[in-house]
Amino acid sequence: MIINLGILCVLKYTDFALSGVTAVLSNFGIDWSKQFEFVLPLGISFYTFMSVGYILDVYWKRYKAEKNIFHYATFTFYFSQIIQGPIAR
């Protein structure tokens, strides 16, 4: 779960954090302008939260852990669920 959320945070918030650091350091006369241009994958939040939901369901013993990686991938990347909207069961 930490890895999933860590990847999401790094991809989405690194540029925001570095721009804040640059603004603070510029107040002290330090010119530090690092920029990372990450290509943000489409739907990264959706896939991350689907994976976190699965991990929590297995942890809370609502479902058994899936041993077949293809079944897990089908659950995670089931595209027709994206079309139905942000609230999914």
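This briefing covers helix H2 and its packing against helix H3. The model is predicted. H2 runs over residues 44–59, and its axis comes within 9 Å of the axis of H3.

**Helix H2**
- H2 has 16 residues.
- From first C-alpha to last, H2 reaches 22 Å, close to the 22 Å expected at 1.5 Å a residue.
- Buried residues in H2 are Ile44, Tyr47, Thr48, Met50, Ser51, Val52 and Tyr54.
- Lys61 follows H2 and has a positive phi, near 60°.

**Packing of H2 and H3**
- Two packed helices are described by the angle between their axes and the distance between the axes.
- H3 spans residues 69–76.
- The axes of H2 and H3 cross at roughly 125°.
- That angle lies between the 115 degrees that ends roughly perpendicular and the 145 degrees above which roughly antiparallel begins, so H2 and H3 are oblique to each other.
- H2 makes the contact with Phe46, Tyr47, Met50, Ser51 and Tyr54.
- H3 contributes Tyr72, Phe75 and Thr76.
- By type, the residues of this contact are six nonpolar, two polar and no charged.

**Ser51**
- Ser51 lies in H2.
- Its relative accessibility is 7%. Buried means under 20%, so Ser51 counts as buried.
- Leaving aside residues up to four places away in sequence, Ser51 touches Asn4, Tyr72 and Thr76.
- Tyr72 and Thr76 are among the H3 residues in the contact with H2.

Key:
Residues are numbered from 1 along each chain as its sequence is written. This is a predicted model: local features need pLDDT of at least 70, side-chain atom pairs count only at pLDDT 80 or more; totals for chains, interfaces and linings use all residues. Side-chain values use heavy atoms; hydrogens and water are left out. Helices (H or I, at least four residues) and strands (E, at least two) are DSSP runs, numbered from the N terminus. The expected span of a helix is 1.5 Å times one less than its number of residues. Buried means under 20% relative accessible area, exposed over 50%, partly exposed in between (1.4 Å probe, protein chains only). Axes are lines fitted to C-alpha atoms, for helices over the stretch in contact, and angles run from 0 to 180 degrees between N-to-C directions. Angles under 35 degrees count as roughly parallel, over 145 as roughly antiparallel, 65 to 115 as roughly perpendicular and the rest as oblique. Contact means heavy atoms within 4.5 Å. Ala, Val, Leu, Ile, Met, Phe, Trp, Tyr, Cys and Pro count as nonpolar, Asp, Glu, Lys and Arg as charged, and the others, Gly among them, as polar.
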